[in-house]
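Biologist: I have a chain open on my screen and would like to go through it with you. Can we take it one topic at a time?

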Amino acid sequence: MKITNARVIVCSPGRNFVTLKIETDEGLTGIGDATLNGRELSVASYLTDHVIPCLIGRDAHQIEDIWQFLYKGAYWRRGPVTMSAIAAVDTALWDIKAKAAGLPLYQLLGGKSRTGVMVYGHANGSDIEHTVDEVLRYADAGYKAIRAQSGVPGLDKVYGVGKGTLFYEPADADLPSEHDWSTEKYLRHTPKLFERIREKLGWDHHLLHDVHHRLTPIEAGRLGKDLEPYRLFWMEDATPAENQDAFRLIRQHTTTPLAVGEIFNSIWDCKGLIENQLIDYIRATVVHAGGITQLRRIADLASLYQVRTGCHGATDLSPVCMGAALHFDLWVPNFGIQEYMRHTPETDAVFPHAYTFQDGMLYPGDVPGHGVEIDEELAARYPYQRAYLPVNRLQHDGTLWNW
Ligand SMILES: O=C(O)C(=O)C[C@H](O)[C@H](O)CO
Ligand SMILES: [Mg+2]
């Protein structure tokens with residue numbers, strides 16, 4: 001089965017998405033997500049200008065060879081732009097292979113390891129009481145696991161707290177908006193948040209929290225320790241992970257489980273973290289970590305060390321990524337949890353999909369392929385709009401910090 005054509009579709013039904021569509025001489029088509037929040041057009045160009053010309057005429061069934069060709073053949077390896085582009089090709093080819101077999105993608109990976117995929121929702125509020133109300137709302141909606149993020153007294157805007165509560169969108173301006181940050185204020189506030197949530201919610205739900213890279217390792221160790229009484233499912237992105245050894249220090253100070261990896265793009269970013277058992281959950285997902293082909297390898301390495309998966313699933317990962325991730329989640333033996341931030345109705349209309357939510361679980365559906373399509377006519381009505389993620393500055397002197 002030959003690849004006859006491939007093209008990039010950029011659209012913005014409420015936020016930007018980059019989608020690759022591959023066509024074959026047998027009439028089968030497949031799509032892959034290539035969205036890199038705030039840097040969308042660089043991946044679109046990488047695909048259109050440098051990858052697509054290399055795809056035409058290749059056998060769509062040779063997923064592994066095409067992956068290796070794009071990875072090794074570029075000479076310049078890894079990096080979010082390269083790996084998101086490879087991921088889009090890989091996802092589209094798995095979609096085509098599964099459609100050719102007439103099977104849902106999870107069957108090609110090895111079949112179901114579980115009945116459904118446990119997800120966590122992102123509850124957020126302007127202060128503790130508002131956040132508690134939102135957590136209770138997620139619990140009422142059936143979620144078994146809830147990530148709680150709250151505004152911090154004395155800070156104007158913080159990661160995770162949006163204008164609306166159901167659809168959180170951090171890329172909020174056509175040039176980066178500036179947030180202020182105080183580690184002291186955040187560290188004083190966050191244990192109080194979880195104390196109050198446990199008081200009102202009880203102990204039957206998993207609770208999660210995203211630190212979003214804003215602490216140093218020793219500060220993260222302290223927060224992990226302070227949160228131990230509330231038995232979190234995980235503390236996420238406690239400190240930046242370019243230096244994988246940083247997690248050793250956190251580990252020495254707390255038994256709160258650690259999750260990291262949403263910005264990782266290859267197995268090399270997490271090799272040391274996994275092999276040294278410095279984390280409990282690896283958050284890499286399909287679009288930013290080289291597709292199903294690479295993610296499988298990461299999960300297999302992780303399984304040797306009892307590290308489980310927890311794929312990133314924010315709104316900037318398109319329904320195409322979510323669909324593919326759900327097939328992966330249903331199969332992967334060392335599954336932990338899947339993030340699920342709901343897309344807006346506009347996004348869902350552009351990307352009709354087979355996956356469904358019920359009682360805190362997502363189900364990928366049983367249609368051949370990954371079960372997500374793109375309505376190109378509708379997509380064309382939503383042109384690209386430049387949008388950036390915010391930056392953080394320390395409140396007391398304006399030093400640029402991690403957001
Ligand atoms: O969903 C999460 O865990 C995030 O940290 C969301 C990220 O800020 C977002 O995906 C950045 O594009
Ligand atoms: Mg995160």
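Biologist: What does the accessible surface of the chain come to, and how much of it belongs to carbon and sulfur atoms?

Modeller: Bear in mind that this is a predicted model. The accessible surface of the chain comes to about 15700 Å². Carbon and sulfur atoms hold 51% of that surface.

Biologist: How many of the residues count as buried, as a percentage?

Modeller: The chain has 403 residues, and 58% of them count as buried.

Biologist: And how many helices and strands are there?

Modeller: There are 13 helices and 16 strands in the chain. The radius of gyration is 20 Å, close to the 22 Å from the globule rule for 403 residues, so the chain is as compact as a globular protein of that length. Along the principal axes, the C-alpha atoms fill a box of roughly 60 × 45 × 40 Å.

Biologist: What share of the contacts with a separation of 6 or more comes from residues 24 or more positions apart?

Modeller: Such residues account for 73% of those contacts.

Biologist: Now the metal. Which residues are the protein donors of the magnesium ion (ligand 2)?

Modeller: D210, through OD, and E236 and E262, each through OE, are the protein donors. They lie 2.0 to 2.3 Å from the magnesium ion. Along the chain, the donors follow the spacing D-x25-E-x25-E.

Biologist: Where do E236 and E262 sit in the chain?

Modeller: E236 is in strand β8 (residues 234–236), while E262 is in the loop between β9 (258–260) and α9 (271–275). They are 26 residues apart, and the pair links distant parts of the chain.

Biologist: Are E236 and E262 buried or exposed?

Modeller: Both E236 and E262 are buried.

Biologist: Changing topic: how many disulfides does the count come to?

Modeller: The count comes to zero disulfides.

Biologist: Then what about C321, and which cysteine sulfur is closest to its own?

Modeller: That is the sulfur of C311, at 7.6 Å, again too far for a bond. C321 counts as buried, at 2% relative accessibility.

Biologist: Which residues is T285 in contact with, leaving aside its neighbours within four places in sequence?

Modeller: T285 is in contact with L295, C311, H312, L317, C321 and A325. Its place is in the loop between β10 (281–282) and α10 (291–303). T285 is buried, with a relative accessible area of 2%.

Biologist: Let's go to the strands. How many bridges join β2 to β3?

Modeller: Five bridges join strand β2 (residues 17–24) to β3, and the two run antiparallel. I22 stands opposite G30 in β3. The two strands form a hairpin with four residues between them, and G27 in the turn has a positive phi of about 85 degrees. In strand β3 (residues 29–33), four of the five residues are buried.

Biologist: Last one: where is L108 found?

Modeller: L108 is in helix α4 (residues 105–109). L108 is partly exposed, with a relative accessible area of 25%. Leaving aside neighbours within four places in sequence, its contacts are W94, K97, A98, A101 and L103. From C-alpha to C-alpha, L108 and K97 are 8.6 Å apart, and they are eleven residues apart in sequence.

Key: Residues are numbered from 1 along each chain as its sequence is written. Chains are lettered from A and ligands numbered from 1 in the order in which they are written. This is a predicted model: local features need pLDDT of at least 70, side-chain atom pairs count only at pLDDT 80 or more; totals for chains, interfaces and linings use all residues. Side-chain values use heavy atoms; hydrogens and water are left out. A disulfide is a pair of cysteine sulfur atoms within 2.5 Å. Buried means under 20% relative accessible area, exposed over 50%, partly exposed in between (1.4 Å probe, protein chains only). Donors are N, O and S atoms within 2.8 Å of the metal (3.2 Å for Na, K and Ca); water is not among the atoms, so sites may look incomplete. The radius of gyration is taken over C-alpha atoms; the globule rule is 2.2 Å times the number of residues to the power 0.38. Contact means heavy atoms within 4.5 Å. Accessible areas come from the Shrake-Rupley method with a 1.4 Å probe; for residues, only the protein chains shown count as cover. Two strands pair if DSSP finds at least two bridges between them.
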